[in-house]
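Please look over the sequence and the structure before reading on.

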Amino acid sequence: MIALLAATGCTGPSGGTNSPSSSAAATPPSTGAAAPAVRLVEEHLADLHLWVSNQSFRDDPVVLTISIDGIAIVDQRFTVEGQHTFVLFPVRVPPGGHVVRVVSATGVDFQERFTMPERGRRYAAVGYVNAVDDSGRAIDWLIRSTPIAFA
């Protein structure tokens, strides 16, 4: 399970973070069409700070695909390293109800509903776990209105 602490005013973990791969963080080229409602953006433009981590020494690395409302925002391989690696994906998400879906290459398929407010930012964490006690693979999901500190 991810060790997460609520910390008002914290901008993220103090160390052990990675940036998303350049292809994952890239903004799609302009084609003249309106940008999708949910999309990766620069950190200061994001209203959802999504942190992703592999917490499983048994499944190292693991490929995770994460979508919001059917729009893929993450599709990459995550290594466990020392279980203190959290990768930030800054996302623009309009106000209202949404569905996040996380699918792992190992067969985990997780969905959860969440609501974005009219104003303000949300902070979320996705942790892939595979317990050493054989209790199985799972996704830990947390979303809150205050920044998340990682322990």
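## Overall fold

The model is predicted. Read from the N terminus, the elements follow the order β-β-α-β-β-β-β-β-β-β-β-β-β.

Contacts can also be sorted by how far apart the partners stand in sequence. Among contacts in the protein chain with a separation of 6 or more, 65% are between residues 24 or more positions apart.

## Surface and burial

The protein chain has 151 residues, and 41% of them count as buried. Its accessible surface is about 8,000 Å². Carbon and sulfur atoms hold 49% of that surface.

## Nonpolar cores

The largest nonpolar core is made of 27 residues. Leu50, Ile66, Ile68, Ile73 and Val91 have the most contacts inside this core. At least two of its residues come from each of the strands S4, S5, S6 (71-78), S7 (86-92), S8, S9 (109-116), S10 (122-130) and S11 (137-144). Strand S5 gives the largest share, four residues.

Another core lies apart from the largest one and has seven residues. Phe86, Leu88, Ala125 and Ile148 are among them.

## His98

His98 is part of strand S8, which covers residues 96-104. Is His98 buried or exposed? His98 has a relative accessibility of 6%, and the cut-off for buried is under 20%, so His98 counts as buried.

The His98 side chain comes to 3.4 Å from the backbone oxygen of Gly96. Leaving out residues up to four places away in sequence, His98 touches Ile68, Asp69, Val93, Glu112, Arg113, Phe114 and Met116. Of these partners, Ile68 also belongs to the residues with the most contacts inside the largest nonpolar core.

## Asp59

Asp59 sits in a loop, between strand S4 (48-54) and strand S5 (62-68). Asp59 counts as buried because its relative accessibility is 10%, and buried means under 20%.

Which residue has a side chain joined to that of Asp59 by a polar contact of 2.6 Å? The partner is Arg137. Arg137 is also listed among the contacts of Asp59 when neighbours within four places in sequence are set aside, together with Asn54, Thr106, Tyr128 and Asn130.

Technical notes
Residues are numbered from 1 along each chain as its sequence is written. This is a predicted model: local features need pLDDT of at least 70, side-chain atom pairs count only at pLDDT 80 or more; totals for chains, interfaces and linings use all residues. Side-chain values use heavy atoms; hydrogens and water are left out. Buried means under 20% relative accessible area, exposed over 50%, partly exposed in between (1.4 Å probe, protein chains only). A polar contact is a pair of N or O atoms within 3.5 Å; within protein, one must be able to donate a hydrogen and the other to accept it, and residues adjacent in sequence count only if both atoms are side-chain atoms. Contact means heavy atoms within 4.5 Å. Accessible areas come from the Shrake-Rupley method with a 1.4 Å probe; for residues, only the protein chains shown count as cover. A nonpolar core is a set of buried Ala, Val, Leu, Ile, Met, Phe, Trp, Tyr and Cys residues joined through side-chain atoms within 4.5 Å.
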